[in-house]
Amino acid sequence: MNFGMRGVWWVLGVVLTAALADIISSQIIKQIVMRDRPCQDPAVAPLLRFFINYCPRSSSFTSSHACSHFAQAMFFYLTLRSVWGRWAALFFGWAFVIAYTQVYVGVHYPVDVICGSLIGCGIGLFTGKLFNNKIGILRLASTNQQPT
């Protein structure tokens with residue numbers, strides 16, 4: 001609401017970023033690579049301590065959680081840093097925690113998460129720069145508020 005019509009475009013940018021991340025990671029890369037998850041691998045699974053009773057049957061590479069969350073984090077960072085200042089970098093901390101838990105619970109190998117994170121950052125970079133170039137940098141209506 002603070003950004004008027006730019007706010008509507010920002011929400012559409014968030015949706016576009018999420019959709020691209022999901023399509024590229026889940027629908028394209030996973031279907032090509034088709035790698036077993038650590039919780040499905042008979043050589044690795046006995047060595048793991050599982051914290052959840054759920055092991056997805058989809059491909060492990062890349063981590064769609066990592067891809068999606070890093071894409072969103074990059075989009076948020078690029079489009080909101082003019083408003084939030086340095087605090088906008090916290091979005092990457094949130095994405096890192098989500099990505100780390102995928103390895104921790106045994107549903108992804110570290111390389112799945114690393115590659116998903118890098119692809120996600122690329123997607124977020126693309127959509128964030130596209131938003132900033134086509135829609136413009138977000139600014140609060142009041143000029144008295146300065147980013148910290």
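Below is a short chat about a predicted model.

Biologist: How do helix 1 and helix 2 pack?
Modeller: Helix 1 covers residues 5-33 and helix 2 covers residues 64-84. Their axes are 9 Å apart, at an angle of about 155°. Angles over 145 degrees count as roughly antiparallel, so that is what helix 1 is to helix 2.

Biologist: Is the crossing left-handed or right-handed?
Modeller: Helix 1 and helix 2 cross in a right-handed way.

Biologist: Which residues make the contact?
Modeller: On helix 1, they include Trp10, Gly13, Val14 and Lys30. On helix 2, Phe75, Phe76 and Leu80 are among them.

Biologist: How do the residues of that contact divide?
Modeller: Nine are nonpolar, eight polar and two charged.

Biologist: New topic. How many aromatic pairs are there in the whole structure?
Modeller: The search finds twelve. One of the pairs is phenylalanine 75 with phenylalanine 131, edge-to-face. The centres are 5.9 Å apart, with 75° between the planes.

Biologist: Where do phenylalanine 75 and phenylalanine 131 lie?
Modeller: Phenylalanine 75 is in helix 2, and phenylalanine 131 is in helix 4, residues 110-134. The pair therefore ties together parts 56 residues apart in sequence.

Biologist: Are phenylalanine 75 and phenylalanine 131 buried or exposed?
Modeller: Both are buried.

Biologist: Which residues do ring pairs link into a cluster?
Modeller: Trp10, Phe75, Phe76, Trp84, Phe91, Trp94 and Phe131.

Biologist: Now the backbone. What is the phi of methionine 34?
Modeller: Positive, about 50°, although methionine 34 is not a glycine. Most residues other than glycine have a negative phi.

Biologist: Where is methionine 34 placed?
Modeller: In the loop between helix 1 and helix 2. Methionine 34 is exposed, with a relative accessible area of 51%.

Technical notes: Residues numbered from 1 in each chain as written. Predicted model: local features only at pLDDT ≥ 70, side-chain atom pairs only at ≥ 80, totals over all residues. Heavy atoms only, no water. Axes fitted to C-alpha atoms, helices over the stretch in contact; angles between N-to-C directions. Helix = DSSP H or I, 4+ residues; strand = E, 2+ residues; numbered from the N terminus. Parallel < 35°, antiparallel > 145°, perpendicular 65-115°, else oblique. Left-handed = near helix turned anticlockwise from the far one by under 90°. Contact = heavy atoms within 4.5 Å. Nonpolar A, V, L, I, M, F, W, Y, C, P; charged D, E, K, R; others polar. Buried < 20%, exposed > 50% of the residue type's maximum accessible area, 1.4 Å probe, protein only. Phe/Tyr/Trp six-rings, centres within 6.5 Å; stacked < 30°, edge-to-face > 60°.
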